[in-house]
Amino acid sequence: MLIFENIKLALSSIRVNKMRSFLTMLGMIIGISSVIAIVSLGDTMRSAIAKEYENVGSTLGYLYINSPDGYYTDDYLFTADDKELVQEAFGDRLTYVGFNSSSKATMKNGRVVKEGNLMGLSENPSEYKKLNIIKGKLFSNLDVENARPFVILEEKDAMELFGSVDVVGRSIRTVIGSETKELTVTGVYRNQDSALMKLLSGSNNNRFTAYVPETLIFPKGSSAWTLYFCVNPAYDVNEVGNQVARYVAKIKNKDISQVMFYSAQQEMGTIDSMMSGLSAVVGAIAAISLVVGGIGIMNIMLVSVTERTREIGIRKALGARTQDILSQFLIESAIISAAGGAVGTALGIGVVAIGGMFVDMAVVVKPQVVILAVAFSAMVGIFFGLYPAAKAAKADPIEALRYE
Amino acid sequence: MAMRNIIEIQNLNKIYDTGAIQVHALKDVNLTIQEGEYVAIMGKSGSGKSTLMNILGCLDRPTSGSYVLDGIDVAKENPKQISYIRNQKIGFVFQSFNLIPRTSALKNVELPMIYGRVPAKERLERAKELLEKVGLGDRLHHMPNEISGGQKQRIAVARALANRPAILLADEPTGNLDTPSSVEVMNLFTQLNQEGVTVIVVTHEDDIAAFTNRIIRFQDGQMIEDKRRGEHADF
């Protein structure tokens with residue numbers, strides 16, 4: 001085979017028909033760039049979500065009691081007493097038990113007023129929430145037990161309220177419901193959520209998120225829908241979680257089937273399979289555009305073969321073998337297609353990179369996706385070039401030489 | 001001078017089967033051409049001369065009979081070897097030049113050598129040498145659409161000679177040329193023949209045939225005349 005000569009021939013033929021070749025490539029460019037962009041965006045999202053769950057902790061679980069008739073009385077809800085019973089029954093198997101309670105509040109320092117949410121943390125808060133404390137420290141278990149009026153502010157809120165982050169020990173007037181409390185700042189944290197997570201959690205830059213001992217906003221006698229807990233990493237989350245569920249069913253006098261238990265691991269698995277399912281579906285749709293691009297190449301190659309019928313006749317008369325003609329046209333279609341694939345790859349990565357800049361995320365472009373895309377595009381070119389090339393190679397030289 | 005037979009044709013028949021009717025294009029043709037001959041094949045259209053030309057050029061196969069070219073029984077060869085024979089044994093010159101468009105004179109002359117797997121450097125030297133031989137040493141990089149018909153045909157002759165073929169086969173080589181260009185091209189054939197190249201020209205013009213040393217005339221698929229220079233009053 002005359003690979004080198006045929007590559008030169010193909011390149012000059014593409015050069016001669018610049019516009020046509022570009023339009024033919026466009027199908028491949030759009031197809032490949034959308035496949036790469038979609039698959040890479042999916043991978044980026046998945047790795048971002050996986051990271052979020054790492055922050056939350058894979059030991060986290062929660063449960064609630066389902067009412068069969070949708071009517072919830074107090075015995076379906078959890079109180080501080082239920083929490084204590086669970087803590088006592090499971091001892092060191094659970095590192096954290098709490099309600100994930102929150103309360104709307106307003107903070108005032110002089111003329112600066114800010115609205116937001118107070119989030120309650122129970123004993124061993126670091127087990128539940130990985131806060132990046134940059135000043136001060138987290139609450140102690142004693143702080144929680146005694147419902148001390150302490151607060152941990154976010155860096156930016158501290159700046160807004162006090163004009164500084166060195167605010168440990170200062171107090172802030174906070175209105176919670178109808179009550180007004182003076183809370184002492186014991187720590188300042190930095191928000192590490194990615195832009196994606198902020199987007200998903202719907203957090204609002206104008207509102208504050210501050211942490212307080214849970215007992216401060218969840219006094220004895222209140223009740224909550226859901227009980228959150230962290231399992232000691234030495235034990236299996238789902239196993240202990242199911243034990244907790246059985247125990248809760250017993251103390252609340254409910255059937256075990258009514259107690260719904262979920263773990264972060266399960267959720268992560270669900271989201272992960274959802275995301276991969278989604279990118280598979282969208283990827284398949286994008287792959288269809290590759291087939292459409294391939295048909296475009298076949299169409300143009302057929303036109304090109306017909307146009308060059310006489311040239312094919314001349315080549316055959318001069319001694320070109322069937323395989324010489326076949327490889328000439330196959331290489332031409334493979335080059336058009338692979339060039340389209342390469343441009344499409346660059347464009348796809350570019351789109352993902354620009355998208356990543358907007359959501360402030362490190363984009364994940366797997367090299368195997370790129371290799372697969374370019375190899376696939378060359379294969380599309382060869383596959384859809386095969387018929388036109390075979391048509392050219394089979395041409396009868398006498399007929400071809402007579403072609404006007 | 002002991003001459004070798006370069007073409008031996010025996011009882012050659014060509015029948016075109018178009019379904020409804022059968023056309024007997026060549027009937028029992030027997031023909032021998034020796035190395036170094038300068039032959040004109042003449043006849044009106046439909047006489048079978050183009051069919052013979054296609055068979056001689058290995059573009060078509062006979063229905064029956066044998067055709068031996070330079071010692072090779074062509075009928076027995078497979079398509080790959082037929083391509084090889086076309087490439088190595090036959091140099092074509094066509095009425096309509098048949099240069100590859102948008103391709104320089106040099107590249108056109110190189111083409112048979114590309115298919116003959118001649119190394120690039122040798123190819124380039126030979127192509128230059130041939131173009132100089134046909135008087136186009138100053139037109140190496142011109143495209144076919146930038147030069148005159150006579151020049152195109154001279155490029156085609158250079159291309160036909162690229163692989164030093166056993167026969168130069170010209171099908172109405174002057175059909176698209178004016179008289180001065182025709183004379184120029186025929187003089188080139190005469191010169192090549194004097195250098196030892198076997199030249200076969202298919203034509204219907206007597207004044208073109210007059211350049212050659214042997215005239216074979218066809219009518220209705222049969223050879224009706226075969227005369228050599230000196231054997232006839234006209235010659």
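Buried stands for a relative accessible area under 20%, exposed for over 50%, and partly exposed for what lies in between, with a 1.4 Å probe and protein chains only. Helices (H or I, at least four residues) and strands (E, at least two) are DSSP runs, numbered from the N terminus.

Some ground rules apply. The model is predicted, so local features need pLDDT of at least 70 and side-chain atom pairs count only at pLDDT 80 or more, while totals for chains, interfaces and linings use all residues. Residues are numbered from 1 along each chain as its sequence is written, chains are lettered from A and ligands numbered from 1 in the order in which they are written, and side-chain values use heavy atoms, with hydrogens and water left out.

**Stop 1: around helix 3 of chain B**

Helix 3 runs over residues 105-115 of chain B, and ten of its eleven residues are buried.

**Stop 2**

Select Arg102(B), in the loop between strand 6 (90-93) and helix 3 of chain B. Its relative accessible area is 56%, so Arg102(B) counts as exposed. Arg102(B) is not a glycine, yet its phi is positive, about 55 degrees. Most residues other than glycine have a negative phi.

Now select Arg117(B), which follows helix 3 of chain B and sits in the loop between helix 3 and helix 4. Arg117(B), also not a glycine, has a positive phi of about 60 degrees. Is Arg117(B) buried, exposed or partly exposed? With a relative accessible area of 32%, Arg117(B) is partly exposed.

**Stop 2: chain B as a whole**

Chain B holds seven helices and ten strands. Its radius of gyration is 18 Å, close to the 18 Å that the globule rule gives for 235 residues, so chain B is as compact as a globular protein of that length. That radius is taken over C-alpha atoms, and the rule is 2.2 Å times the number of residues to the power 0.38. The C-alpha trace of chain B spans about 45 × 45 × 45 Å along its principal axes. Of the 235 residues in chain B, 51% count as buried.

**Stop 3: where the chains meet**

Bring chain A back. The contact between the chains involves 21 residues of chain A and 22 residues of chain B. Together the two chains bury about 2,100 Å², with 59% of that on carbon and sulfur atoms.

**Stop 4: chain A as a whole**

Chain A has 14 helices and 13 strands. Its radius of gyration is 33 Å, whereas a compact globule of 404 residues would have one near 22 Å. Along the principal axes, the C-alpha trace of chain A spans about 100 × 55 × 35 Å. Of the 404 residues, 44% count as buried. Contacts in chain A between residues at least 6 apart in sequence join residues at least 24 apart in 78% of cases.

**Stop 5: two residues of chain A**

Select Gln258(A), in the loop between helix 9 (237-251) and strand 13 (259-263) of chain A. Gln258(A) is buried, with a relative accessible area of 15%. What is Gln258(A) in contact with, leaving aside neighbours within four places in sequence? The partners are Tyr64(A), Ile65(A), Asn66(A), Ser67(A), Pro68(A) and Tyr76(A).

Finish at Asn132(A), in strand 6 (residues 132-136) of chain A. Asn132(A) is partly exposed, with a relative accessible area of 25%. Leaving aside neighbours within four places in sequence, Asn132(A) is in contact with Val188(A), Tyr189(A), Arg190(A) and Gln192(A).

Notes: Contact means heavy atoms within 4.5 Å. Buried area is the accessible area (1.4 Å probe) that two parts lose on being put together, summed over both.
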